[in-house]
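Hello,

Here is the structure I promised to hand over. My notes on it follow below.

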Amino acid sequence: MDNEQEIIIDVSSFVPQFRDEIAAEPGGEHIRRCYSCGTCTAGCPVGGVTDKYNPRRIVHMALLGMREQVLASDFVWLCSVCYTCYERCPQDVRIPELMNAIRNIAVREAHVPQTFKIQLEKLREHGRLYEIEDYENERRAEHGLPPIREAVAEVRRILSATGAGGKA
Amino acid sequence: MARYAFYLGCTVPVRGMNYEMAARKVAERLDIELIDIDGFSCCGFPVKPVDWRAGLLMAARNLALAEAQGLNVLTLCSACTGTLTEAGHRLKEDAELTAWVSEQLAGMGLTYNGRVQVRHLARVLYETVGVEALQETVTVSLDRFGFAPHYGCHYLKPSHLYNGFDDPENPESLGCLIEATGARVVHYEDEGQCCGGGILGFDEETALLVTKQKLDHVVTTGADAMVLICPFCAIMYEANQRRVESLYGTSYKLPVLYYPQVLGLAMGFSPEEMGLKLNRVKPGKLVKALRG
């Protein structure tokens, strides 16, 4: 019974324009081409180890207009961006880019996973994901490697010019 | 002499110093000059999911720094390779976007005119240097060893970015590079599979399950080591190998080597020079055999 309740969906909550919204977002242009063959899911390395991620299901939900379910769920963040499905899709739906388009929309509605907040913070502080200050440069010198200067001001400028810095 | 702007990205200079050490030594031996550029930042890969424009601009700025020196870019990380290459393509195809990027770069005193080529070191070794020329540099044949190649994802895919230099479904470039050292290529099930690194930060358990699959497949072949060309793949298979072992009650002790380390050993560089002390899973058998 629990399972049955889970799969009953309220059609009145669908947003039919969601597909257009995604198609207007760079990376999402080809969403309407999907005919649900499942080639993406069949070769997906993440889908191969967990039921939590199923690209065909996500694209289908998006096409149906299940906007809130798609944007608020973990789904789109579980794509490892390996491009296996991108190579194999007979309709050139470009699923990793499509997932990225949906991620960008989700972020604008404040659905930002913690890991991306941490990464953005690192970029603001160091211009890179792993800091390189005196300690790291000393370690590098011990291995005969040249020092590296962090480009903090430049990266901060980019994050604020695009508004990305304020999103997470 | 070939000259490239040496693009290290975020992970290599901190967590992949062994990769960097080996790459610098091997390049020098092959008369490839690697120029360190002041001010390179993150490539933009981690920003793309949050704000694709910020990711693109970050990549474009790095390309502009290389272009200012009149250099093409040589990379070690496959994700950086993909991000910088994709940015270069977009800036050739989309005039409106390019105008916006140019305006932003001008505010930083930079210009980008689309002249920079981005090449992964492995591709340069395979395509530009060539397997035959590599064979001529080998002084210590590694013919006693069998290595399992891990190509990873962004080195080959999406393939439209890479002019078809290798087949994304049945690649052979890394295998050929391994054979150039005299070693055998050990093939295994699902050789083309992803390391899982793309979702490590979001869902560690699922990511490590993806990692585990390949470790399982490689150890059953008896390969002496896995050989790869991306620092994040190394984080998954090497730095996280013990974590996978403790999570899933397995035991691998599978050495994981960066390809330039393997090539360097075949060129006669010492294990120390190739940074093998920084490898977490000690390739003891290999080092012992080489010291004979």
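Where is the place of A:Ala101? A:Ala101 sits in helix H7 (residues 95-108) of chain A. Helices (H or I, at least four residues) and strands (E, at least two) are DSSP runs, numbered from the N terminus.

Before the rest, the ground rules. This is a predicted model, in which local features need pLDDT of at least 70 and side-chain atom pairs count only at pLDDT 80 or more, while totals for chains, interfaces and linings use all residues. Residues are numbered from 1 along each chain as its sequence is written, and chains are lettered from A and ligands numbered from 1 in the order in which they are written.

**Around A:Ala101**

A:Ala101 is buried, with 26 other C-beta atoms within 10 Å. (Buried takes 20 or more other C-beta atoms within 10 Å of the residue's own, exposed 12 or fewer, partly exposed in between; C-beta atoms are placed from the backbone.) Neighbours within four places in sequence aside, A:Ala101 is in contact with A:Ile22, A:Glu25, A:Pro26, A:Gly27 and A:Gly28. Contact means C-beta atoms, placed from the backbone, within 7 Å. A:Pro26 is 75 residues from A:Ala101 along the chain, yet their C-alpha atoms are separated by 6.2 Å.

**Chain A: domains and a helix pair**

Chain A is assigned domain 1 (2-108) and domain 2 (114-166). Domain bounds come from an automatic or database domain assignment. The C-alpha centres of these two domains of chain A lie 32 Å apart.

Helix H8 (residues 114-126) of chain A packs on helix H10 (residues 152-162) of chain A at about 130°, axes 6 Å apart. H8(A) is therefore oblique to H10(A). (Under 35 degrees is roughly parallel, over 145 roughly antiparallel, 65 to 115 roughly perpendicular, the rest oblique. Axes are lines fitted to C-alpha atoms, for helices over the stretch in contact; angles run from 0 to 180 degrees between N-to-C directions.) On H8(A), A:Leu123, A:Arg124 and A:His126 meet A:Val152, A:Val155, A:Arg156 and A:Leu159 of H10(A).

**Chain B: the sheet**

Chain B has an open sheet of four strands, ordered S2-S1-S3-S4, with parallel pairing. Strands S2 (32-36) and S4 (118-120) of chain B are at the edges with a single partner strand each, so one side of each has no neighbour in the sheet. The twist averages 40° from one strand to the next. Strand S1 (residues 2-7) of chain B runs parallel to S2(B), joined by five bridges. Pairing needs at least two DSSP bridges. B:Ala5 stands opposite B:Ile35 in S2(B).

Two helices lie across S1, S3 and S4 of chain B. Helix H4 (residues 78-93) of chain B runs at about 160° to S4(B). Helix H6 (residues 121-129) of chain B runs at about 90° to S4(B).

**Chain B: domains**

Domain 1 (2-120) and domain 2 (140-279) make up the division of chain B. Their C-alpha centres lie 24 Å apart. Here 23 residues of domain 1 of chain B are in contact with 24 residues of domain 2 of chain B. On the domain 1 side, H2(B) gives the largest share, nine residues.

**Between the chains**

How many residues of chain B are in contact with chain A? There are 47, and they are in contact with 51 residues of chain A. On the chain B side, H3(B) gives the largest share, six residues.

Best regards
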